[in-house]
2 protein chains.
Amino acid sequence: MAYFDNAATSWPKPEEVYKTVEDVMRKFGGNPGRSGHKKALEAARLIYDAREVMADFLNAESPSNIVFTMNATDALNIAIKGVLRPGDHVITSSMEHNSVARPIYALTKCGVEWEIVKCAKDGTLDPEDILKAIKPNTRLIAITHASNVTGTVMPIEEIGRIARERDILFLVDAAQTIGILDIDVRNQNIDLLAFPGHKGLYGPQGTGGLYVREGIKLTPLRQGGTGSFSEELSQPDILPDLLESGTLNTPGIAGLAEGVRFLKKLGLSHVRSHEEMLTRRFLEGLKKIEGITVYGCPHKKSEVAVISLNVRGLDSSELAFLLDSKYDIQVRPGLHCSPLAHETIGTIDKGTVRFSFSIFNTIEEIQKALSALEEISSKSR
Amino acid sequence: MAYFDNAATSWPKPEEVYKTVEDVMRKFGGNPGRSGHKKALEAARLIYDAREVMADFLNAESPSNIVFTMNATDALNIAIKGVLRPGDHVITSSMEHNSVARPIYALTKCGVEWEIVKCAKDGTLDPEDILKAIKPNTRLIAITHASNVTGTVMPIEEIGRIARERDILFLVDAAQTIGILDIDVRNQNIDLLAFPGHKGLYGPQGTGGLYVREGIKLTPLRQGGTGSFSEELSQPDILPDLLESGTLNTPGIAGLAEGVRFLKKLGLSHVRSHEEMLTRRFLEGLKKIEGITVYGCPHKKSEVAVISLNVRGLDSSELAFLLDSKYDIQVRPGLHCSPLAHETIGTIDKGTVRFSFSIFNTIEEIQKALSALEEISSKSR
């Protein structure tokens with residue numbers, strides 16, 4: 001088989017991740033921050049260690065600037081709804097995932113103004129267009145770091161500078177880039193960064209997080225028990241407690257930290273060069289197959305290993321079904337929860353078939369996919 | 001060792017739970033509902049199976065009335081904020097956890113009226129007092145099924161009838177009762193039921209859920225990708241998608257289903273009688289030790305296996321520390337995230353030491369705890 005749906009969730013995970021999750025469940029069963037006994041302290045130490053690992057990985061000010069969430073969508077909702085109030089103006093690109101678009105769309109029903117800056121048909125975004133969209137009431141710029149449809153990387157450094165100079169908050173959706181591209185929240189002027197644990201970081205599902213820059217006060221999406229200031233009915237005002245209520249996913253978060261350690265050992269540049277090599281080979285091979293359309297800007301370097309395509313004469317679901325059932329190749333068809341992106345690249349009516357690679361994919365698998373596409377395409381002519 | 005902090009999180013879990021979580025991570029790595037390939041379908045089947053198991057366990061109308069969340073606190077926030085609007089009146093007891101109290105307290109800053117019905121000093125609630133508190137704008141009654149401080153069980157059947165007759169929504173916090181007391185959402189007139197996965201259901205941390213009665217439309221707390229109606233910027237209006245955005249914790253949820261299967265095999269009445277037996281023996285033993293105060297109404301039957309106590313002359317943290325360090329007994333001291341309950345039972349200044357049992361605790365462990373308390377108490381005289 002060849003699993004090419006890593007943009008949805010990466011699989012497999014490193015052996016250490018599986019082992020850590022199991023170990024933590026079996027041996028460190030306490031509730032972190034909820035008591036002072038050994039099992040609770042062991043669990044709290046695991047969580048703190050994961051915060052340290054993530055803070056170091058992102059160059060955050062301190063471990064307490066890392067908030068653990070259920071997934072990146074949860075983190076994006078916490079950020080977006082923690083910032084925006086009626087009368088505020090928010091800017092996004094036209095390549096956003098529904099995890100950014102739907103919360104903002106819901107807020108437009110309560111007086112938030114939303115401006116979608118149009119990207120080019122290849123998915124690229126001109127930072128000048130962001131600058132032009134700024135209004136006196138612009139409170140937030142929310143941009144995906146890379147499109148989950150085309151892999152197009154957005155100019156977040158330029159946008160970060162634009163936002164910081166104008167005192168506008170900058171939220172980055174790192175769903176497709178964390179663990180692949182270098183992220184340095186302080187040098188890149190990122191105020192809020194939402195990330196999944198189960199994609200490029202190779203942690204288990206049920207994990208994600210939000211980096212919150214020191215000094216930014218979000219209104220919490222959830223309140224509840226934090227194991228701190230328990231005598232107060234108001235939510236504690238300190239990070240991470242302000243944004244973390246209820247029992248955390250201790251085994252999952254420990255697994256996530258293990259995934260990050262695995263990446264650090266490999267080095268992100270090694271991960272990138274492997275995935276770039278797979279992507280290049282795949283794109284080269286695709287060029288030789290008649291009837292295939294590739295979306296995005298596949299010849300530029302600013303792409304992560306996410307490729308959307310269609311085969312002439314075939315519906316995207318049909319193609320994905322054939323690849324899975326006949327060739328044991330797993331890809332994702334349709335809109336990938338990103339209708340804005342499909343409107344941008346002109347595929348809203350039919351969707352695309354998405355191939356997305358991880359460090360565990362091989363050249364042999366790429367070759368297998370190319371042969372399968374060649375065969376399918378020749379038959380559909 | 002003797003782990004008596006099961007009200008915070010149960011430990012150990014059944015062997016099948018550990019194995020299922022690991023197996024799912026290793027073998028069924030897809031993202032449920034995000035594609036049509038085998039790995040995504042396997043993951044979707046696991047989630048659907050867990051919904052069926054939970055729906056059957058609670059006597060819900062259908063699997064789609066079960067929404068999976070990060071924990072019970074997340075579920076309570078989804079329910080409370082999904083229902084209440086400025087001008088609405090909400091009734092709770094004075095024994096609520098901060099997971100109910102803090103979200104409601106936050107809403108009082110936006111025009112929601114909150115009435116806290118006072119329980120007796122032993123933690124018991126008279127349903128007549130709920131009836132008296134109802135006003136024309138009462139929209140929600142939110143009650144814990146059993147106190148996490150004293151184990152006192154609340155008269156949810158009577159309150160359910162009162163609420164249903166008056167067309168008021170009834171939310172039950174089942175954090176301390178799910179997997180122990182029988183819950184039948186339809187017969188008990190429960191509209192919304194929030195539950196943790198990692199306590200009485202013996203699932204892993206990072207799991208929980210919300211039952212939503214058919215026909216109740218909540219405003220979602222989160223919006224995002226659902227793998228459904230992806231062309232729409234508005235959140236899908238159907239359950240469970242309306243309230244479930246982003247990637248679910250597939251291995252955790254599969255583990256939760258396994259925990260419920262473990263309980264069903266044992267039978268809840270067996271779980272209850274084991275925990276009642278442990279509780280009875282513990283309470284009997286405590287009576288013979290001088291200088292111990294037990295809170296709640298320990299002689300009535302309406303209690304779950306959660307016992308709060310203090311030893312004369314000792315701070316609760318001191319006692320818990322001694323039990324852990326000298327006797328390897330894990331309990332929780334302090335306020336247990338429930339200041340309202342401590343005000344009710346008169347321990348807001350000092351807190352209590354909480355012992356909470358699970359099916360895995362033994363009579364020998366109870367005996368060990370009693371001997372330890374006897375020794376500590378005799379020295380502190």
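This is a predicted model: local features need pLDDT of at least 70, side-chain atom pairs count only at pLDDT 80 or more; totals for chains, interfaces and linings use all residues.
Residues are numbered from 1 along each chain as its sequence is written, chains are lettered from A in the order in which they are written, and side-chain values use heavy atoms, without hydrogens and water.

The side of chain B that touches chain A draws at least two residues from each of several elements, including α1 (15–27), α2 (38–58) and β12 (332–334); helices (H or I, at least four residues) and strands (E, at least two) are DSSP runs, numbered from the N terminus. Each chain gives 77 residues to the contact, defined by heavy atoms within 4.5 Å. About 6,200 Å² is buried between the chains, 56% of it on carbon and sulfur atoms; this is the accessible area (1.4 Å probe) lost on putting the two parts together, summed over both. Eight salt bridges cross the interface, each a side-chain nitrogen of Lys or Arg within 4 Å of a carboxyl oxygen of Asp or Glu. One of them joins B:Lys38 to A:Asp324 at 3.0 Å, N to O.

Within chain A, strand β7 (residues 192–196) has five of its five residues buried, so it is largely enclosed by the rest of the structure; buried means under 20% relative accessible area (1.4 Å probe, protein chains only). A:Leu192, A:Ala194 and A:Pro196 point one way from β7(A), and A:Leu193 and A:Phe195 the other. Strand β6 (residues 169–173) of chain A pairs with β7(A) in the parallel sense over three bridges, pairing requiring at least two DSSP bridges. Strand β8 (residues 208–212) of chain A runs antiparallel to β7(A), with five bridges between them. A:Tyr211 in β8(A) is the bridge partner of A:Leu193.

In chain B, B:Ser93 belongs to strand β3 (residues 89–93) and counts as buried at 0% relative accessibility. The side chain of B:Ser93 makes a polar contact with that of B:Glu96 (2.6 Å) and reaches the backbone nitrogen of B:Met95 at 3.0 Å.

Terms used:
Buried means under 20% relative accessible area, exposed over 50%, partly exposed in between (1.4 Å probe, protein chains only). A polar contact is a pair of N or O atoms within 3.5 Å; within protein, one must be able to donate a hydrogen and the other to accept it, and residues adjacent in sequence count only if both atoms are side-chain atoms.
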